[in-house]
Amino acid sequence: MTSIALTLIGKPGCHLCEDAKDTVTQVMGEYADRADITLEELSILDDSELHNRHWEEIPVLLVDGKQHTYWRVDAARLRAALDAAL
């Protein structure tokens with residue numbers, strides 16, 4: 001089974017970050033039988049390098065370490081990225 005690593009960069013109390021997590025979690029569920037997808041959540045408040053790089057863009061979603069999107073996660077676009085990774 002293919003492994004795909006998702007990383008969601010945000011911060012506590014960010015409503016866009018919460019929306020992004022909901023979308024990512026929903027899409028991950030759709031792929032549960034096709035891929036081993038993990039989600040790591042990182043906060044810009046815990047890492048000054050992440051803060052300096054992404055503070056204006058959160059939430060930021062990485063797929064296998066590469067920036068996929070920021071501000072809003074589009075479910076269809078994420079599905080396309082996951083399909084390409086498979």
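Trainee: Leaving aside its neighbours within four places in sequence, which residues is T23 in contact with?

Mentor: Let's count a contact as heavy atoms within 4.5 Å. Skip the neighbours within four places in sequence, and the partners of T23 are V73 and A75.

Trainee: What kind of model is this?

Mentor: Residues are numbered from 1 along each chain as its sequence is written, and side-chain values use heavy atoms, without hydrogens and water. Local features need pLDDT of at least 70, side-chain atom pairs count only at pLDDT 80 or more, and totals for chains, interfaces and linings use all residues; the model is predicted.

Trainee: Back to T23, then: which helix does it lie in, and is it buried or exposed?

Mentor: T23 belongs to helix 1 (helices are DSSP runs of H or I with at least four residues, strands are E runs with at least two, both numbered from the N terminus). Buried means under 20% relative accessible area, exposed over 50%, partly exposed in between (1.4 Å probe, protein chains only). T23 has a relative accessible area of 17%, so it counts as buried.

Trainee: Which cysteines does the disulfide join?

Mentor: The structure holds one disulfide (a pair of cysteine sulfur atoms within 2.5 Å). Its S to S distance is 2.5 Å, and the two cysteines are C14 and C17.

Trainee: Are C14 and C17 buried or exposed, and what is the angle about their S-S bond?

Mentor: C14 and C17 are both buried. The link between C14 and C17 is right-handed, and the angle about its S-S bond is 75°.

Trainee: In what order do the strands sit in the sheet?

Mentor: Four strands make up an open sheet with mixed pairing. The edges are strand 2 (35-43) and strand 4, each pairing on one side only. Reading across, the order is 2-1-3-4.

Trainee: How many bridges link strand 3 and strand 4?

Mentor: Strands pair if DSSP finds at least two bridges between them. Strand 3 covers residues 60-63 and strand 4 covers residues 66-70, and they pair in the antiparallel sense. Along the pairing, V60 stands opposite Y70, while V63 faces K66. The number of bridges is four.

Trainee: Which residue in that hairpin takes a positive phi?

Mentor: Two residues sit between strand 3 and strand 4 in this hairpin. The phi value is near 50°, and the residue that takes it is D64.

Trainee: Which residues form the aromatic pair, and how is it arranged?

Mentor: There is one aromatic pair in the structure (Phe, Tyr and six-membered Trp rings with centres within 6.5 Å; planes under 30 degrees apart are stacked, over 60 edge-to-face, the rest tilted). The rings of Y70 and W71 lie 4.8 Å centre to centre, with 70° between the planes, and that arrangement is edge-to-face.

Trainee: Why do Y70 and W71 count as partly exposed?

Mentor: Look at the accessibility of each one. Y70 has a relative accessible area of 34%, so it is partly exposed. W71 gets the label partly exposed because its relative accessibility is 45%.

Trainee: How many salt bridges are there?

Mentor: The rule asks for a side-chain nitrogen of Lys or Arg within 4 Å of a carboxyl oxygen of Asp or Glu. One of them joins E41 to K21, at 3.0 Å from N to O. The count is four.

Trainee: Why does the pair of E41 and K21 tie together parts of the chain?

Mentor: Both side chains are partly exposed, with relative accessible areas of 46% for E41 and 34% for K21. E41 lies in strand 2 and K21 in helix 1, so the parts that the pair ties together are apart in sequence by 20 residues.

Trainee: Which residue does E30 form a salt bridge with?

Mentor: E30 is in helix 1 and its partner is in helix 3 (residues 75-85), 49 residues apart. The closest N and O atoms are 2.7 Å apart, and the partner is R79.

Trainee: Where do R53 and E49 lie?

Mentor: Their side chains meet in a salt bridge of 2.6 Å, N to O. R53 counts as partly exposed at 47% relative accessibility, whereas E49 is exposed at 52%. They sit four residues apart, about one turn, and both lie in helix 2 (residues 48-54).
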